[in-house]
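Please look through the sequence and the 3D structure shown here before reading on. The report is meant to be read side by side with them.

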Protein chains: 4
Amino acid sequence: MQLGIIGLGRMGGNIARRLMRAGHRTVVHDRNREAITGLEGEGAQGAHDLGALVQKLKAPRAVWVMLPAGEPTEQTIAQLAELLEPGDAIIDGGNTFYKDDMRRAAELAKRGLHYLDVGTSGGVWGLDRGYCMMIGGEKDVFERLEPLFKALAPGVGDIPRTHGRSGEHQRAEHGYIHAGPPGAGHYVKMVHNGIEYGLMQAYAEGFDLLRSKGGNELPEDQRFDLNVAEIAEVWRRGSVVTSWLLDLTADALVADPQLSQFSGSVSDSGEGRWTIDAAVEQAVPVPVLSSALFARFRSRQQQGTYGDKILSAMRLGFGGHVEKKAE
Amino acid sequence: MQLGIIGLGRMGGNIARRLMRAGHRTVVHDRNREAITGLEGEGAQGAHDLGALVQKLKAPRAVWVMLPAGEPTEQTIAQLAELLEPGDAIIDGGNTFYKDDMRRAAELAKRGLHYLDVGTSGGVWGLDRGYCMMIGGEKDVFERLEPLFKALAPGVGDIPRTHGRSGEHQRAEHGYIHAGPPGAGHYVKMVHNGIEYGLMQAYAEGFDLLRSKGGNELPEDQRFDLNVAEIAEVWRRGSVVTSWLLDLTADALVADPQLSQFSGSVSDSGEGRWTIDAAVEQAVPVPVLSSALFARFRSRQQQGTYGDKILSAMRLGFGGHVEKKAE
Amino acid sequence: MQLGIIGLGRMGGNIARRLMRAGHRTVVHDRNREAITGLEGEGAQGAHDLGALVQKLKAPRAVWVMLPAGEPTEQTIAQLAELLEPGDAIIDGGNTFYKDDMRRAAELAKRGLHYLDVGTSGGVWGLDRGYCMMIGGEKDVFERLEPLFKALAPGVGDIPRTHGRSGEHQRAEHGYIHAGPPGAGHYVKMVHNGIEYGLMQAYAEGFDLLRSKGGNELPEDQRFDLNVAEIAEVWRRGSVVTSWLLDLTADALVADPQLSQFSGSVSDSGEGRWTIDAAVEQAVPVPVLSSALFARFRSRQQQGTYGDKILSAMRLGFGGHVEKKAE
Amino acid sequence: MQLGIIGLGRMGGNIARRLMRAGHRTVVHDRNREAITGLEGEGAQGAHDLGALVQKLKAPRAVWVMLPAGEPTEQTIAQLAELLEPGDAIIDGGNTFYKDDMRRAAELAKRGLHYLDVGTSGGVWGLDRGYCMMIGGEKDVFERLEPLFKALAPGVGDIPRTHGRSGEHQRAEHGYIHAGPPGAGHYVKMVHNGIEYGLMQAYAEGFDLLRSKGGNELPEDQRFDLNVAEIAEVWRRGSVVTSWLLDLTADALVADPQLSQFSGSVSDSGEGRWTIDAAVEQAVPVPVLSSALFARFRSRQQQGTYGDKILSAMRLGFGGHVEKKAE
């Protein structure tokens, strides 16, 4: 098949490459001309503006937008909507808020345009490992473009089959699903990231407990000087906490068990936040997912929070306690 | 009545004073001779060692130990146990772990000695405001010493009476109770402090939300520059969140709304920790009380936690994300 | 002064009464004619529709809307906007989301109309105790209507003055403030309610710990049978956790320490939810405020959550654990 | 090598089997004679009491105790201590509290006996998959018995090697480590289980968010009817949240997406609780690990907690709110 791709960063470029490896044709565009030239050298057809990109695609067209969520994606889709023809489809593969998908799909439908939202997990590893995709939108449009998704997905591989599954492998076993109507793909991806935050924080707290067991909060005869790199490694082998995130942790700890290159300040992104907003809207208690997000917020306030100072002020007030200065 | 008092710090000294104001007699001891001399000047009888203190008290004696919990209290009680006679009573007014009370009371009982554990709230304000006391131990011993507790307690005062209470004022309305067997006094005080941590953290988070509303996490047209001192004050007046802790916060914010004297590093003490251990033992979910304790733990790690670095290492691993250095 | 009031429920009716007690005149409207008639009997001027209400007020008019947040308030304000004249003011005293205030104020300003948002705490007690008010909107409009707010507020009363305050009593000490531009009043009230949730949950967890200490999760020799009503009472007397919410708890526990009339299912309202959304937006960690909200969500799922079943399914999977049926 | 094994339940029996498969000899004992007979049929040597077991082992002996933690293990080790000779070793493979290991090792050392604590993960899958082992105790004793651990461990298998590791495979890569002095093995296993709780709860909350998106907390046009079994499956394929726990979840959801066999009441065990106690002792914030434990506590109180009723009582008190009965 033929696919237009806009945005040739880490993700978009590799999506183009993986599709071409599978024999599909791509027409690619990026603000950065060098990115286009680079992919032309790998077999893609370059387009220096959106008009050219649309021209080079045969109807019914499919254009994958792989840009930062928010304004860049929003504006590009608005421009595309002016250029495309009824029956064409826009695919948003970025990290868009699912309610924006719902709004956009309704707007584009008025022009006869289709819209698929593709939650994509796999990050920098996707080119080789394949992309795990959760896709929202009209089912027949999804099915028309399914060969593309199948090529991008990891495929069945050598992962042991889920107990109870038999017969021909289903889409999910290839690594992509049609999740539901517009927005459903990004909704599922959002929850995926919310879970990811929780998993990461569970490991983080555990490793903190391993490390602090050797620290001076404890009397000397209660301390263990534990080897965190060895522990991460052994847990990869038959334990209950085996996971890909643990594999990555083991990688990092081999190189530097102190993790001294990191400041301790941790970023967060939209999905982690929207997950909490969704929980609030749906009245679902999510103490773990919210704690994971809050730990990141807290990590960025290394000078102490105003709230902490309020605590100290109260303690001085009722008990005459004067806080020690921070270590 | 006559009471021996060991430990003439902020709390012990004021307990002596408040008792003498009410006409009781005190025999006082402290490692620090000046503390003894000072109280002698206010009418107390000084004792330069525990033996002298016991000598100056008439049987059945009562000795109030007001020392830091742990070793200082433990050793003093062990020494007293050697000096006292059957029928005498030891009162631990410090912040002892309630299981230590249970053990001690059983040991002392073998010698015919009585033991009361008194959880005492009121801090630096107790001399004038009175002490709120939760008392564990044998009921008849409690009743024998009740005039002392009544003198230390705030008394009925002008606090509006609880709806549904009528007739003569009960002990609780005077500000002291017999909570139950040995350990019950400190158990109730421990829970009191656990709640205190939760209340404080609730205000802390709220004031953080007020302050951050003017901060640069938000676009300019979404900011409000709120006056936290005025808000604390107005909430003291007929709102649902009126409390003594809010009064103290209002005091502090009048003086310095920035709270710039505080580093943001907040201490914790035994009770807050034991409360969580008790919840774990009793299988009670305490998300608020534990969050309040953890916020204090976190506040003291201003250089970033090892756990946070684990997060950054994973993020680099799966997404190639390089964390920004801390602000 | 003269004030129009729309919505004569528990809050609106008492606001009218408290204003009339202070000598102000009211023109009142409600869908329910009996509510109007009732207040007419207490000195108010009734109006059977919005048009009549506007007619009976002299320009520049002020109309207080005291209706459920959301559609009822939104529609009423839209209708009023058609009827009022430039220079008139609408006051929203309900529990409106502060971003709705910001939008409305901007829309009304185009017609020359003013808008004040009044966060009001005090509930069923306000008639006698006075209302604590946090007010957003243009400062000069606030000042024009200040006599009304002053009459509704609790006033200075006999609450001990905050340390460091002196001279003439400020607005905040009377129980109302001008918090900032449109939305600021409801924002501050929202945070107030967020704090309220946290405070309540702190007490709830503490009382759970008191009660469970007598329960069968513990071996018999570790149990204390504690009197929660006495404990609530004694904590009102000089302890650090003294508050109005504790007073209410003490009231309830005198009547029935088992609280057997309650199912354990607890409602929540918009402010508690918006507080968490604001924290997410402002990147403020609020573990206590969110835990308090989640505890309420959880309390309403008495048949077990789907998430809990996921846990059981995993446990069966990795350990062969078969969960016991719920008690 | 030769190993004595006491306790032939799910774990102990399979440990004997896996060792025999690798050519080691076992002398086995259980209270239940049939369990002994069964393993005799598979090549083990049976012993009908501890004395016989000790007799049948050649010095220096090694005896693996695989019993429930607490009294059963404690008593058996005490009896063994009377029967064994200096130089012999006791291995505790159960879920013992690490401070009990420290105490026991010190006591046994006085008799010249050695003690290893082996934290063992792998559950019902260990026979085929191998056991992941974290081992505490004297290093030379560990090394003497290493062939047994190597046989029980999963071995290198086909798991992709951690980046940065090269050369001969280390112990950790075979699936076992010497974690440190006595207690270190169970300490690491305890933290492992703490992390496990956190991971499980992260997935549980995520699946709750997927399911509730189709529920009636939302207006109809905001709902997605998501297929949780397909989502679990697709996440196994190249996503960031891939893990063994997710594999098990996918297994369960294929069979019954409603999970209707489960009541929602979830058990917990010692390690999850001790992890929180350790965090409190070491002053490490563990909001995720504690939230996961508390969610289980809460799941077992399906009639509503006393704390929740306290909330309702306050709400009635300040706002006149009458809670709806639970659904």
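## The model and its conventions

This is a predicted model, in which local features need pLDDT of at least 70 and side-chain atom pairs count only at pLDDT 80 or more, while totals for chains, interfaces and linings use all residues. Residues are numbered from 1 along each chain as its sequence is written, chains are lettered from A and ligands numbered from 1 in the order in which they are written, and side-chain values use heavy atoms, with hydrogens and water left out.

## Chain A by itself

Chain A contains 15 helices and eight strands, where helices (H or I, at least four residues) and strands (E, at least two) are DSSP runs numbered from the N terminus. Along the principal axes, the C-alpha atoms of chain A fill a box of roughly 75 × 45 × 45 Å.

Of the 327 residues of chain A, 64% count as buried; buried means under 20% relative accessible area, exposed means over 50%, and partly exposed lies in between, with a 1.4 Å probe and protein chains only. Among the contacts in chain A with a separation of 6 or more, 63% are between residues 24 or more positions apart, a contact being heavy atoms within 4.5 Å.

The size of an interface is often given as the accessible area lost when the parts come together. Between chain A and chain D the buried area is about 7500 Å², and carbon and sulfur atoms give 67% of this area; buried area here is the accessible area (1.4 Å probe) that two parts lose on being put together, summed over both. A:Leu209, A:Arg237 and A:Val240 supply 11% of the area that chain A buries against chain D, more than any other three residues. In terms of contacts, 87 residues of chain A touch 87 residues of chain D.

Across this interface the rule finds 38 residue pairs in polar contact, with both residues at pLDDT 80 or more. A polar contact is a pair of N or O atoms within 3.5 Å; within protein, one must be able to donate a hydrogen and the other to accept it, and residues adjacent in sequence count only if both atoms are side-chain atoms. Helix H10 (residues 184–212) of chain A gives the largest share of the side that touches chain D, 18 residues. That side divides into 49 nonpolar, 21 polar and 17 charged residues, with Ala, Val, Leu, Ile, Met, Phe, Trp, Tyr, Cys and Pro counted as nonpolar, Asp, Glu, Lys and Arg as charged, and the others, Gly among them, as polar.

## Where chain A meets chain C

Between chain A and chain C, 20 residues of chain A are in contact with 20 residues of chain C, and the buried area is about 1500 Å², of which carbon and sulfur atoms give 74%. A:Val280, A:Pro285 and A:Phe294 supply 38% of the area that chain A buries against chain C, more than any other three residues. The count of residue pairs in polar contact between chain A and chain C is two, with both residues at pLDDT 80 or more.

Chain A can be laid on chain C with an RMSD of 0.0 Å by a turn of 180° and a shift of 0.0 Å along the axis, the copies being superposed by least squares on the C-alpha atoms of residues with pLDDT of at least 70 in both. The two copies are thus related as by a two-fold rotation axis, and in chain A the C-alpha nearest the axis is that of A:Asp277, 3.0 Å from it. Because 100% of the interface residues of chain A are also interface residues in chain C, the copies meet through the same surface.

## Salt bridges

Side chains of opposite charge can pair when their charged atoms come close. Over all chains, a search of the whole structure finds 96 salt bridges, each being a side-chain nitrogen of Lys or Arg within 4 Å of a carboxyl oxygen of Asp or Glu.

A:Arg273 is buried, with a relative accessible area of 16%, whereas B:Glu217 is partly exposed at 40%.
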